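Let's take a friendly walk through the pockets and strands of a protein model. Have the structure open beside you as you read.

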Amino acid sequence: MKFLKNHSKALTWLTASLVAVFVAGCGGGGGGATPAAAAPGTLGVSLTDAPACGFDNVYVTVNRVRVHQSSTASDTDAGWTDIALDPALKIDLLSLTNGALKSLGETPLAAGHYTQLRLVLDANGNSVVPTGGGAMALSTPSAVQSGIKLVNQFDVASGARVDLLLDFDACKSIVKRGNGTYALKPVIKVIPFVVNGIHGFFDTALLGSHVMVTAQQNGTIIQATAPDANGEFFLYRLAPGNYDVVLTADSRATAVIATVPVATSTSLLDLNTSGTPITLPVSATHVISGTETLNPALPADSTTAAYVTAKQTFGTAPTVTVKYVAADDSVATLGAYTLTLPAGAPMFSQYLTGWAPTALAAQAGVAGKYSVEGSATGYVTQSVSTDISAADATQDFILVP
């Protein structure tokens, strides 16, 4: 890990996380047969998280991880191999931001190609603590209890180890209902098990303002985190390529640093230093609100959520996501949503070697101008241009398959 030699604190912290992955293990309950001619490999699974919006804690309780070589196998079919957690493991997802990991265990696994991966959560062990409030149970659909199907295929070689890292997006996974309760609609992706990415520092004076730092490509959030108490942030585990780094905070202008390079799977780029933290100017805010209706409606027990996303485009430069929210999951309120967004000019600069926060310049022509998208899995995304530079706006969506 020579690329981390100038990051002693990060090295210590990451080493502890990685050691936990390799040495911690829960018993595997196997359904898969091991071929006589080939020694089994080993599967290890860990969990990490992006920051959650408006919560002090997000607790999920994991029962098991399941893998199968058939993509069409049902949860009752033979041939599953399980990493069973006994007792079930209750995890605060918000303790896993900024690159931290939680091991879910490991198991021997027959060599071969695997096409189905499921994360099984407990029906009753999931809850949230809204900022300034008390603990509230998360309604957990039955489909979650039988196993969240994750999009991932992987190969296990004889005698080799495979590590999978599950990125549980708490911000997108918690959906508020009109009656004040919350539902769990898990959004999880499998990401590279590497130590690389983008490192920087944010102004600590803004840390109480729901700061979020994201790495994006073409307006899609690839990785997200929140700075620690020292303002330090790490956007880890990024595939090599260029990323737009987007920084947001309550009542502050958005900042965008475009085309930040991640050269290799082992490189860590220093965006700035603690002596030159990134700050965001104060900005007035306005609200975009309305309803998002799915026609036809999803079954009541569906794990699919509907989202409204506000994006901005900087001329010929990238389009980025500034903020998103899940529409209300209650039929009584017809998918109500509210997005509070900066009306002032966002800050923008291209990344160049030797980049410093002073390169960020106000983009007056973009102030308050957003492309607002309504989306849900299985439905056609709708996009509408909205200008809130002078006043709030109302925008309703009716999505169809």
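How much space lies in the second largest pocket? About 940 Å³. Before going on, a word on the source: this is a predicted model, in which local features need pLDDT of at least 70, side-chain atom pairs count only at pLDDT 80 or more, and totals for chains, interfaces and linings use all residues. Residues are numbered from 1 along each chain as its sequence is written, and side-chain values use heavy atoms, with hydrogens and water left out.

A pocket here is an open set of points, on a 1 Å grid over the protein atoms alone, where a 1.4 Å probe fits, with protein on both sides within 12 Å along at least five of seven lines; lining residues have an atom within 4 Å of a point. Grid points are joined across faces, edges and corners, and a volume is the space filled by probe spheres set on the points.

The second largest pocket is lined by 35 residues, and Lys172, Val187, Ile188, Tyr307 and Thr377 are the closest to its centre. Strand 18 (220–225) gives the most to this lining, five residues. Strands (E, at least two residues) and helices (H or I, at least four) are DSSP runs, numbered from the N terminus. By class, the lining of the second largest pocket has 18 nonpolar, nine polar and eight charged residues; Ala, Val, Leu, Ile, Met, Phe, Trp, Tyr, Cys and Pro count as nonpolar, Asp, Glu, Lys and Arg as charged, and the others, Gly among them, as polar.

Now turn to the largest pocket, with a volume of about 1,400 Å³. Its lining has 50 residues, and Cys53, Gly54, Cys171, His210 and Lys323 lie nearest its centre. Strand 26 (336–342) is the top contributor to that lining, with seven residues.

Strand 28 pairs with strand 27 (residues 347–350) in the antiparallel sense over two bridges; two strands count as paired if DSSP finds at least two bridges between them. Here methionine 347 has alanine 362 as its bridge partner.

Finally, find strand 8 (residues 127–130) and strand 9 (residues 136–139), antiparallel and joined by two bridges. They form a hairpin with five residues between them, and glycine 132 in the turn has a positive phi of about 80°. Strand 9 also pairs with strand 14 (residues 182–184), this time in the parallel sense, with leucine 138 partnered by tyrosine 182.
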